[in-house]
Each structure stands twice: as structure tokens, then as C-alpha cells.
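Colleague: I have a structure open and would like to talk it through. Can you take my questions as they come?

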Protein chains: 2
Amino acid sequence: MAKIRLIEVKEEIQADNKAKAEALRDRLKADKTFLLNLMSSPGAGKTTLLLRTIEALRNDLRMSVIEADIDSMVDAEKIARTGITAVQLRTGGFCHLDASMVEKGLEGLDLASLDLVIIENVGNLVCPAEFDTGAIKNAMILSVPEGDDKPLKYPLMFTVCEVLLINKIDYLQLSDFDVQAVKKRVLRLNSRIKIFEVSAKTGQGIAEWTQWLKKEVDEFRAG
Amino acid sequence: MAKIRLIEVKEEIQADNKAKAEALRDRLKADKTFLLNLMSSPGAGKTTLLLRTIEALRNDLRMSVIEADIDSMVDAEKIARTGITAVQLRTGGFCHLDASMVEKGLEGLDLASLDLVIIENVGNLVCPAEFDTGAIKNAMILSVPEGDDKPLKYPLMFTVCEVLLINKIDYLQLSDFDVQAVKKRVLRLNSRIKIFEVSAKTGQGIAEWTQWLKKEVDEFRAG
């Protein structure tokens, strides 16, 4: 039964964010719910990737999505059209989610009945990298039109993520984006990061990404 | 004589940012130096647009550029190669510039001998919109691959800008980006905004943009 919930969130004192994030992770482990925090610039393709991911995994995993936005509910509406429950967090002016906000988003969901919850964080390469949301893994999208210099300019984001999706590879034909240079720059910051080349629009590379994600969720749930 | 200066900036107490911004604007008016604050998502094309703008206006206007980045000096290095002086503000973790940071950036420049200083703000559609930098005008870039829903999701940014550059129009052939829908959404937020369609890569639309900017600078300097 698809539905959208709208929750207004406010930034809380950050001193104890790390502790809250750890407590949330413990709860997720107890409930065997894998929480993935998906980050990127505005317009890198988070929502389209989510739609592809839902399409690929909905028969195997019980999923839900938390959408964070400064304003509007357009992304949650797109997700809800798939029949998946979407929680919309409206952050007002805030540029990131913290663990308290995510906890508030999860309140509306029955965690024990979900295998995978994906957070679509606010579109921003700076602030979301600085706040532990309590997620089990962090993923980011870098899209081809953004340029191959982004690891040099936003190193923290590439450092805190376990997965990088290089999206919009269908734009490579029009772009001087150097995939190998990006990989080299990213691996220098974070040697253990997993990198996928995808086009959420055409579907290219989505099978590899979703198979990897499914395996991660299965391993997490098996403890 | 091209050079790069590197300045590390820290966020100050924001309570008096507005007052500092007003004081800075008064100083700019006294010195007849037009300060343009250029904002966008990461990878929307700020630096490439700046290079085109410098190329078009360098014989008519005495220019300088302030580059803001979390890390790295790659943008300032690109600007300095044109022979224009670039000041690099390294913001550490901060996601925006405020008036104090800009003031610090201007310290290294002889304002009275400059007609136009352009600030390339941190790549971010959220935080920079909230802080008055002291600029005379705010401009933003929305690039085609980011999608036409951005005015719905980041309304403040579109509201605080006097100019919108829709960049990467050479990507329209691969995209379902609806230029007319964007214009409608933006004008609903900000009916007085000036909109240009450009490709900083191919040069399309750059003449219209730089002619407009030149006219703004001339009018400002004439008082």
C-alpha cells in the first residue's frame, strides 16, 4: 500500500549526533533493516537511480524510501507511484540530514518488516558528508556532466562513502569526463570504495549495482 | 600580472552578517567595483562560464575573481592561466561564503583599480542562498543535466538571484529538460529574474550574457 508521509524536521544540537547515529545503527541491526544513505549533488540522478533500484529489487526485498528535501514533495510522489512507501522529510533550510532527523523519518515505518530503507539525502556534496545519519552504508552518485574534478574539490564526500555510482554514462559521448582519472582520484582518497558505472536513465550497469546491494543486504541480515 | 592567493577562511558568528554585507556594499559603491556572486550546484559550469566571461570582457573591464572551495586550488589555477588575478578562499568544511569571508578575499585586491570582481561561491544550491555576501548582484547557473525540477526543490536560490544562466544547453539533445517549464517555475518564484540560455563549452549565448553584464557594470559605475 503506497503512501507518502510528510514530516518537517529541524536541526538539533549536533554534539550528540554521533551517539544517536550509533544507537540508531544498533536498532537497525536488531531489526535486521539495512539503511542506505544516498548522497549526491542536486540533479545527479538520485531519484531516478532509486526508481531503477526499486524496480530491480522489489521482488526480493521489502523496501521503503526516506526522501529529504528543502521543499516540495516531488521525489516522494515519484517513489510512491511505484507502490513503495515513501516518507518525505522536509528540512526547511537545512542542507543535510542528521541521525535525529532520520530517526524521525523511520518512526512512520515498521522497521522489523523491512529489509532495506534508502535515504535520499539533500542534494549537496558538502554538508551531508559531515553528519553520520546512522546508516549502515553510505553511497554517493557522481554524474558525468558534473565533471571529473569533483573528488579533488569535495574529498570528504568521497572518503565517507562505501560505494560510488558514476551515473549518466550515456552522457560520456558529449563530455570530456575521464572515468579512469576519477577512479584514480577517488581510490587515492578511499582505497576500499566500490565503484559502479551506470546510467539510471537507460538502465546500463543497474544490474551490477543492484546485485551488489542485494548481496550486502543479505549478508547484513544474516549477521 | 596573474597570481593566485590562497586564504583559509572560517565561519564567523552570523548575527551581524547582514550588517557586514551592507557595509561591504557601501565600500564597493564608493570604489565603483561591481561584485557579482555566482552560485550553482557542483559541476554546473561556474569556472568554464567564468573563463568565457573573462575572455569576452577582459578588454573592456578590469576584472578579478575570488574562488571559494572546500579544498583544492584547481579553479583558481585555471583562472590565473588567463592572466587575471584569482584569490582562492579555502573554506575548510564550510558550505558557503559569508560577507566576512568575501571581505577577507577582497583584502588582497586593489578594489579601486577593478571594475568587476566575480565570486565563484561553493558549489551548493542550499547554504550560499542564505548568506548575503555583500555582492551587488547574485547570479546562478542551472545546468541542463541537473533537471528541470530544481526551482521546485531549491526555491530560495532562485529567489535571491537577479540572473539565471541555464547552462549546458548543448546537452538538450540528450535530455528531457524542459526549458519553458523551468522558466515558468523560476518566474513564479522571482518575476524580475533575467534568464540566459548558454553553453559555456561551445560559447552559445555567451555574447548576450556578457553584454548584459557589461551594461550592468557600466550603469553601476556611472552611479
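This is a predicted model: local features need pLDDT of at least 70, side-chain atom pairs count only at pLDDT 80 or more; totals for chains, interfaces and linings use all residues.

Colleague: How many residues of chain B are in contact with chain A?

Modeller: On chain B there are 36, and they are in contact with 36 residues of chain A. Contact means heavy atoms within 4.5 Å.

Colleague: And how much area do the chains bury between them?

Modeller: About 2,600 Å², with 57% of it on carbon and sulfur atoms. Buried area is the accessible area (1.4 Å probe) that two parts lose on being put together, summed over both. Of what chain B buries against chain A, 24% comes from Pro42(B), Lys153(B) and Leu174(B), more than from any other three residues.

Colleague: How many salt bridges cross that interface?

Modeller: The rule finds two. It asks for a side-chain nitrogen of Lys or Arg within 4 Å of a carboxyl oxygen of Asp or Glu. In a salt bridge between the chains, Asp75(A) meets Lys153(B) at 2.5 Å, N to O. As for classes, the side of chain B that touches chain A has 15 nonpolar, eight polar and 13 charged residues. Here Ala, Val, Leu, Ile, Met, Phe, Trp, Tyr, Cys and Pro count as nonpolar, Asp, Glu, Lys and Arg as charged, and the others, Gly among them, as polar.

Colleague: What about salt bridges over all chains, how many are there?

Modeller: The search finds 30. One of them joins Glu22(A) and Arg25(A), whose closest N and O atoms are 3.2 Å apart.

Colleague: How far apart are Glu22(A) and Arg25(A) in helix α1?

Modeller: They are three residues apart in helix α1 (residues 17-31) of chain A, so about one helical turn separates them. Helices (H or I, at least four residues) and strands (E, at least two) are DSSP runs, numbered from the N terminus.

Colleague: Change of topic: where is Ile195(B)?

Modeller: Ile195(B) is in strand β8 (residues 194-197) of chain B. Leaving out residues up to four places away in sequence, Ile195(B) touches Leu164(B), Ile166(B), Lys183(B), Val186(B) and Leu187(B).

Key:
Residues are numbered from 1 along each chain as its sequence is written. Chains are lettered from A and ligands numbered from 1 in the order in which they are written. Side-chain values use heavy atoms; hydrogens and water are left out.
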